[in-house]
Amino acid sequence: SGSIVNFTSASAGPPLSKAFVYSAAKAGVLNLTQNLAREWAPFNVRVNALKPGFFPTEWSMRHFIDAERQAKILGHTPMGRFGRPEELVGAVLWLASDAASFVTGSVVTVDGGFTAMTI
């Protein structure tokens, strides 16, 4: 028995521009999570995924997110800011805990509303 928490991304679908390989890999993590959840549930192993929005690192801010891209990202994020790593902790702890004992194959999105945004 146990609990596995994988990390996918807001880029898993629909894919984000300028991140083709990253988006494909994160979509694969999402698919793997759901397949393993189905296969391992009889063994009381729960497999879920956390789907963060934009939690940029120093590297990504220097090499990937310029001022124009940042404005587009934040303009599409209702909370109007990037996430902070500590804001992922609660979701991970919940997924790993017995409080989520009937949760498997699920994706928990922590993205400041990015995926809820439309025109």
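These exercises work through salt bridges in a predicted model.

**Exercise 1.** How many salt bridges does a search of the whole structure find?

*Solution.* The search covers the whole structure and returns 6 salt bridges. Some of them are taken up below.

**Exercise 2.** Classify the exposure of Glu-39 and of Arg-38, which form a salt bridge.

*Solution.* 
- Start with the contact. The closest N and O atoms of Glu-39 and Arg-38 are 3.4 Å apart. The cut-off is 4 Å, so the pair qualifies.
- Take Arg-38. Its relative accessibility is 53%. Exposed means over 50%, so Arg-38 counts as exposed.
- Take Glu-39. Its relative accessibility is 46%, so Glu-39 counts as partly exposed.

**Exercise 3.** Where do Glu-68 and Lys-72 lie, and how many residues apart are they?

*Solution.* 
- Locate the pair. Both residues belong to helix H3, which spans residues 67-75.
- Get the spacing. Glu-68 and Lys-72 are 4 residues apart, about one turn of the helix.
- Check the contact. Their side chains meet in a salt bridge, 3.5 Å from N to O.
- Glu-68 and Lys-72 are both exposed.

**Exercise 4.** Describe the salt bridge between Arg-81 and Glu-87, then name the network around it.

*Solution.* 
- Read the distance. The closest N and O atoms of Arg-81 and Glu-87 are 2.6 Å apart.
- Arg-81 has 31% relative accessibility, so Arg-81 is partly exposed. Glu-87 has 27%, so Glu-87 is partly exposed too.
- Extend to shared partners. Salt bridges link Arg-81, Arg-84, Glu-86 and Glu-87 into one network.

Conventions: Residues are numbered from 1 along each chain as its sequence is written. This is a predicted model: local features need pLDDT of at least 70, side-chain atom pairs count only at pLDDT 80 or more; totals for chains, interfaces and linings use all residues. Side-chain values use heavy atoms; hydrogens and water are left out. Buried means under 20% relative accessible area, exposed over 50%, partly exposed in between (1.4 Å probe, protein chains only). Helices (H or I, at least four residues) and strands (E, at least two) are DSSP runs, numbered from the N terminus.
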